[in-house]
Amino acid sequence: MLKPRFALLVAGVLAAASVSPVLAQQQQAKEKPPAPGPAKNFVVPPATHFTLPNGMQVTLVPYGQVPKVDVELVVYGGHAAEHADQVWLSDLTGDMMQEGTTTKTAQQVNDAVATMGGSLDLNTGADATYIGADVLSESGPALVALIADVARHPRFPASELARLKADRVRQLTIALSQPQNMATARFRAVLYPNHPYGRLYPTQQMLEGYTLEQIRAFYDSSFDAARAHLYVAGRFDSAAMERAIRTAFGGWTAGAPISLPVPHPVDVRSLHVIDRPGAVQSTIYMGLPVIDPSNPDWVAMQVTNALLGGSFASRITENIREQKGYTYSPISIVSTRYRDAYWAEIADVTTNVTGPSLKEIFGEIDRLRSTAPSVDELRGIQNYMSGIFILQNSSRAALVNQLEFVDLHGLGRQYLADYVHRVYAVTPQDVQRITQQDIDPQRMTIVVAGDRSKIDPQLAAYGAIEP
């Protein structure tokens with residue numbers, strides 16, 4: 001006997017199967033989603049900009065109706081300020097900065113932010129260190145003072161250094177055990193052989209050898225007002241916020257403005273394999289340098305990426321996931337840093353289809369290089385991108401992130417207001433042109449992490465494996 005729920009399911013299937021063709025067409029017509037409405041440009045809230053006498057930049061943006069405010073201090077440098085023997089020194093410096101100030105313990109700092117309705121975050125990225133929190137509007141000025149204290153007066157307690165280094169060693173060990181991290185690190189090292197962008201992970205010996213004196217010296221050379229930008233977004237009293245900023249940061253030493261090193265990435269075809277004996281999957285990380293956000297074709301590059309591999313409806317995803325079943329979640333990205341970007345396709349594929357996966361990926365690239373997409377296919381991608389863009393700007397923190405991106409790459413605030421319009425201005429011929437100019441298979445770095453005993457023969461068609 002069928003279980004009741006299963007019986008109902010079977011009955012429903014049989015009923016559906018017995019529907020007349022005319023009625024079926026009517027039902028399908030009713031179920032078809034409505035066409036999207038006309039796209040709207042993102043309206044950038046009016047912002048106030050000023051510079052303190054010590055060179056620190058400030059941006060205040062009234063935004064939203066919720067009585068909260070997001071405050072974030074960006075200090076340019078980050079990993080880009082590290083020398084070859086200082087990998088993750090910026091991260092360890094940030095860890096130590098969270099261990100309290102000269103007047104407050106770490107617990108007191110955390111408790112203070114908690115009473116404001118938020119939590120303090122300090123993160124280090126490729127081009128900057130970020131210190132910020134999202135709190136109740138009434139606490140905005142107090143948060144500004146607290147962030148200034150953390151940035152300007154770190155305690156650097158020697159008693160915490162061993163613990164923090166041990167934490168970082170554990171993070172390093174875990175990261176290097178994961179194939180995608182392994183592939184990414186090799187890819188970046190090949191692309192940027194003499195630049196901080198190519199040094200993703202330190203050795204354990206390097207990490208364990210850092211001293212408190214090195215951390216203090218790195219902080220002294222990397223944290224000052226001339227390389228800092230404070231962003232405030234949300235509901236706040238503008239006059240009170242400006243007074244708090246001038247009081248908290250006005251006495252910060254100016255120092256020297258940061259000069260981020262511009263990379264010169266390698267764009268020569270090469271094949272690299274990381275052996276993982278017994279692995280049932282191969283991790284593919286393949287790509288090449290492309291135009292960066294300061295280029296006039298940047299938006300066209302983003303549209304091209306979304307159509308080729310950067311969205312669920314993209315061609316590569318449709319091919320190797322939906323049609324072939326080689327992988328579950330392939331994705332292409334355009335990864336950006338200061339005056340730098342690269343395009344990459346990333347996929348974890350079943351070991352026995354490593355070679356066929358590369359063949360299909362290159363095939364989709366070649367197809368787009370030879371024939372422009374249809375207007376309908378492109379419009380679907382444009383609708384997706386414009387909708388995602390509006391959603392990405394729907395919070396205080398997201399707006400701050402967008403403003404940081406615009407300022408880092410010198411795009412001007414009109415970039416955000418015009419973005420959706422520029423997405424829809426991309427033509428099928430633009431997509432083909434960008435693919436021809438920038439996504440050239442003959443200039444790609446290919447990294448595969450997998451079982452060499454099984455994948456090396458599959459890779460023979462893609463060049464000699466580099467040592």
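Predicted model: local features only at pLDDT ≥ 70, side-chain atom pairs only at ≥ 80, totals over all residues.
User: How many helices and strands does the protein have?

Analyst: Helices (H or I, at least four residues) and strands (E, at least two) are DSSP runs, numbered from the N terminus. Here the protein has 18 helices and eleven strands. Its C-alpha atoms fill a box of roughly 75 × 55 × 55 Å, taken along the principal axes.

User: What share of the residues is buried?

Analyst: Buried means under 20% relative accessible area, exposed is over 50%, and partly exposed is in between (1.4 Å probe, protein chains only). Of the 467 residues in the protein, 49% are buried. Strand E3 (residues 68-76) is mostly covered, with eight of its nine residues buried.

User: Which strands pair with E3?

Analyst: Two strands pair if DSSP finds at least two bridges between them. E3 pairs with strand E5 (residues 128-136) in the antiparallel sense over nine bridges, and Val71 stands opposite Ala133 in E5. E3 also pairs with strand E6 (residues 228-234), again antiparallel, over seven bridges; there Val74 faces His229 in E6.

User: In what order do the strands of the five-stranded sheet lie?

Analyst: Follow this open sheet from E7 to E11, E8, E10 and then E9; the pairing is mixed. Its edge strands, E7 (270-275) and E9 (331-337), each pair on one side only. Neighbouring strands are turned by 20° against each other on average, direction ignored. For such angles, axes are lines fitted to C-alpha atoms, for helices over the stretch in contact, and angles run from 0 to 180 degrees between N-to-C directions. Within the sheet, strand E8 (residues 281-289) runs antiparallel to strand E10 (residues 340-350), and nine bridges join them. Leu288 stands opposite Trp343 in E10.

User: Which helices lie on that sheet?

Analyst: Contact means heavy atoms within 4.5 Å. Helix H7 (residues 179-191) lies across E7, E8, E9, E10 and strand E11 (445-450), at about 25° to E8. Helix H13 (residues 354-370) packs on the sheet too, touching E8, E10 and E11, and its direction makes about 30° with that of E8.

User: What is the volume of the largest pocket, and what lines the pocket?

Analyst: On a 1 Å grid over the protein atoms alone, a pocket is an open set of points with protein on both sides within 12 Å along at least five of seven lines, and lining residues have an atom within 4 Å of a point. Grid points are joined across faces, edges and corners, and a volume is the space filled by probe spheres (1.4 Å probe) set on the points. The largest pocket has a volume of about 620 Å³. Of its 24 lining residues, Gly125, Ala126, Asp127, Thr336 and Arg337 are the closest to its centre. Ala, Val, Leu, Ile, Met, Phe, Trp, Tyr, Cys and Pro count as nonpolar, Asp, Glu, Lys and Arg as charged, and the others, Gly among them, as polar. This lining divides into twelve nonpolar, six polar and six charged residues.

User: How many charged residues line the second largest pocket?

Analyst: No charged residues do: that lining has eleven nonpolar and seven polar ones. The second largest pocket has a volume of about 490 Å³.

Conventions. Residues numbered from 1 in each chain as written. Heavy atoms only, no water.
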